[in-house]
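Work through the exercises below with the sequence and the structure open. Each task is followed by a solution in steps.

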Amino acid sequence: MAEAIDHSLDALLGLHGEVFVIDPKGEHWVKFEVRRVGASPERPHDLKYSLTLHDAKGERLVGFDNAHPVTIGSGPSAKQAEVFDHKHRLRTIKPYEYEDAASLLDDFWKEVEAALAERGVKL
């Protein structure tokens with residue numbers, strides 16, 4: 001059976017290298033890094049990506065990426081996950097289930113909006 005074509009992939013790839021200031025005061029910005037890297041067990045969707053929200057000091061508040069495997073748990077019982085896709089929320093890292101480019105963008109923007117709302121930032 002042929003693999004379904006992800007028509008949203010071109011939109012995601014087109015964001016590579018873009019940085020956008022996203023609030024009226026210019027205190028928060030997002031950055032997109034997205035490249036095709038060839039499918040592998042770590043990146044079966046053929047992408048290496050990093051979508052991040054930063055504050056005025058440059059601290060990452062939210063991030064979705066697949067740069068490294070995820071550790072689940074802490075201490076001696078912590079386990080290295082088999083997947084690389086994950087999301088950061090401040091210092092918390094949780095596995096992320098990549099479906100397609102459109103879902104990744106939608107999930108990222110939902111996290112961005114939630115993080116900004118927690119900080120009292122209105123878009």
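**Exercise 1.** Which residues do ring pairs link into a cluster?

Solution. The model is a predicted one. A search of the whole structure finds seven aromatic pairs. Ring pairs join F20, F32, F64, Y96, F108 and W109 into a cluster.

**Exercise 2.** Classify the pair Y49 and Y98, and locate both residues.

Solution. Step 1: a pair of aromatic rings is described by the distance of the centres and the angle of the planes. Step 2: for Y49 and Y98 the centres are 6.0 Å apart and the planes are at 35°. Step 3: Y49 is in strand β3 (residues 47-54), and Y98 is in the loop between β8 (92-95) and α2 (101-118), so the pair ties together parts 49 residues apart in sequence. Step 4: Y49 and Y98 are both buried.

**Exercise 3.** Is H28 buried or exposed, and with which side chain does its side chain make a polar contact?

Solution. Step 1: H28 lies in the loop between β1 (19-21) and β2 (29-36). Step 2: its relative accessibility is 3%, so H28 counts as buried. Step 3: the H28 side chain makes a polar contact with the side chain of R119, at 3.1 Å. Step 4: leaving out residues up to four places away in sequence, H28 touches residues including F20, H54, L61 and R119.

Key:
Residues numbered from 1 in each chain as written. Predicted model: local features only at pLDDT ≥ 70, side-chain atom pairs only at ≥ 80, totals over all residues. Heavy atoms only, no water. Helix = DSSP H or I, 4+ residues; strand = E, 2+ residues; numbered from the N terminus. Buried < 20%, exposed > 50% of the residue type's maximum accessible area, 1.4 Å probe, protein only. Polar contact = N/O pair within 3.5 Å; in protein donor to acceptor, adjacent residues only side chain to side chain. Contact = heavy atoms within 4.5 Å. Phe/Tyr/Trp six-rings, centres within 6.5 Å; stacked < 30°, edge-to-face > 60°.
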